[in-house]
Amino acid sequence: MQDNLPELRDIHLPTGDISFFPPAYGWWVLAGVLVFAVLIVISVRFLLQRSKKRYALRLLEEARRSDLGAAVKMSEILRRICVYKYKQAAALFGMDWIEFLNRHAKEKISGKTARLLLDAPYINPDSKVYDEKDVAALYGFCRRWIGENL
């Protein structure tokens, strides 16, 4: 048998400190997966939020097109949003309801448009107390309010 011992050499340790950089490929893959997961979560949250806004605006547009009770339906849409987002506003009515809406809006609602929002459920559809201009002003307010709060 041959003697292999002369070919063996001693183990030499590195002379300097071992650096953590560059990281191994596994760490790069893990970092990429984490970044991808965060981007997915952010985009899903954005799409869900945006879809709620689009859904509310679509309901508002359908309410505007309906002949009878457009103001009632607009008020219902605002209430539904408040039940979803502002739990304390679910029980508000009258001027407290209008003040709450104004607190959460850049442009305030007042005058005949505010009265239309309050009185709409109680007005006879054949009554001519409010005209189309008031309903259009209420629609504009609702559209802006939904845009700011959803």
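The answer below starts with helix α2 (residues 70–85) and moves on to what covers its buried residues.

A: This is a predicted model: local features need pLDDT of at least 70, side-chain atom pairs count only at pLDDT 80 or more, and totals for chains, interfaces and linings use all residues. Residues are numbered from 1 along each chain as its sequence is written, and side-chain values use heavy atoms, with hydrogens and water left out.

Start with the helix itself. Helices here are DSSP runs (H or I, at least four residues), numbered from the N terminus. Helix α2 covers residues 70–85, which is 16 residues. From first C-alpha to last, α2 reaches 23 Å, close to the 22 Å expected at 1.5 Å a residue. The expected span is 1.5 Å times one less than the number of residues.

Next, its buried side. Buried means under 20% relative accessible area, exposed means over 50%, and partly exposed lies in between (1.4 Å probe, protein chains only). The buried residues of α2 are Ala 70, Ala 71, Met 74, Ser 75, Ile 77, Leu 78, Ile 81 and Cys 82. Viewed down the axis of α2, these residues fall within an arc of 155°, so they line one face of the helix. The arc is taken from the directions that run from the helix axis to the C-beta atoms.

What covers that face? The cover includes α1, α3 (95–103), α4 (111–119) and α5 (132–149).

Arg 79 sits in helix α2. With a relative accessible area of 24%, Arg 79 is partly exposed. Contact means heavy atoms within 4.5 Å. Leaving aside neighbours within four places in sequence, Arg 79 is in contact with Ala 89, Ala 90, Leu 92, Phe 93 and Trp 97. The C-alpha atoms of Arg 79 and Leu 59 are separated by 13 Å, and the two residues are 20 residues apart along the chain.

Now α1. This helix spans residues 25–65. Helix α1 has 41 residues and reaches 59 Å from first C-alpha to last, close to the 60 Å expected at 1.5 Å a residue. Its buried residues are Ala 56, Leu 57, Leu 59, Leu 60 and Ala 63. Their cover includes α2 and α5. Ile 40 also lies in α1. At 39% relative accessibility, Ile 40 counts as partly exposed. Phe 36, Ile 40, Val 44 and Leu 48 form a nonpolar patch on the surface, with about 380 Å² of accessible area together. Such a patch joins nonpolar side chains (Val, Leu, Ile, Met, Phe, Trp, Tyr) within 5 Å, each residue having over 30% relative accessible area and no salt bridge. Areas come from the Shrake-Rupley method with a 1.4 Å probe.

On to α3. Buried there are Trp 97, Ile 98, Phe 100, Leu 101 and Asn 102. They pack against α2, α4 and α5. Asn 102 is buried at 13% relative accessibility. Not counting residues up to four places away in sequence, Asn 102 touches Lys 108, Ile 109 and Phe 141.

Side chains of opposite charge can pair when their charged atoms come close. A salt bridge is a side-chain nitrogen of Lys or Arg within 4 Å of a carboxyl oxygen of Asp or Glu. A search of the whole structure finds three.

Take Glu 107 and Arg 144. Their closest N and O atoms are 3.4 Å apart. The pair links distant parts of the chain: Glu 107 is in the loop between α3 and α4, Arg 144 is in helix α5, and they are 37 residues apart. Glu 107 is partly exposed at 45%. Arg 144 is partly exposed at 35%.

Lys 112 and Asp 134 also form a salt bridge, at 3.8 Å, N to O. Lys 112 is in α4 and Asp 134 in α5, so the pair ties together parts that are 22 residues apart in sequence. Lys 112 is partly exposed at 45%, whereas Asp 134 is buried at 8%.

Asp 119 bridges to Arg 115, with the closest N and O atoms 3.1 Å apart. Both are in α4, four residues apart, and thus separated by about one helical turn. Asp 119 is partly exposed at 22%, and Arg 115 is partly exposed at 38%.

Technical notes:
Patches are made of residues with over 30% relative accessible area and no salt bridge: like charges are joined within 9 Å, nonpolar side chains (Val, Leu, Ile, Met, Phe, Trp, Tyr) within 5 Å. Helices (H or I, at least four residues) and strands (E, at least two) are DSSP runs, numbered from the N terminus.
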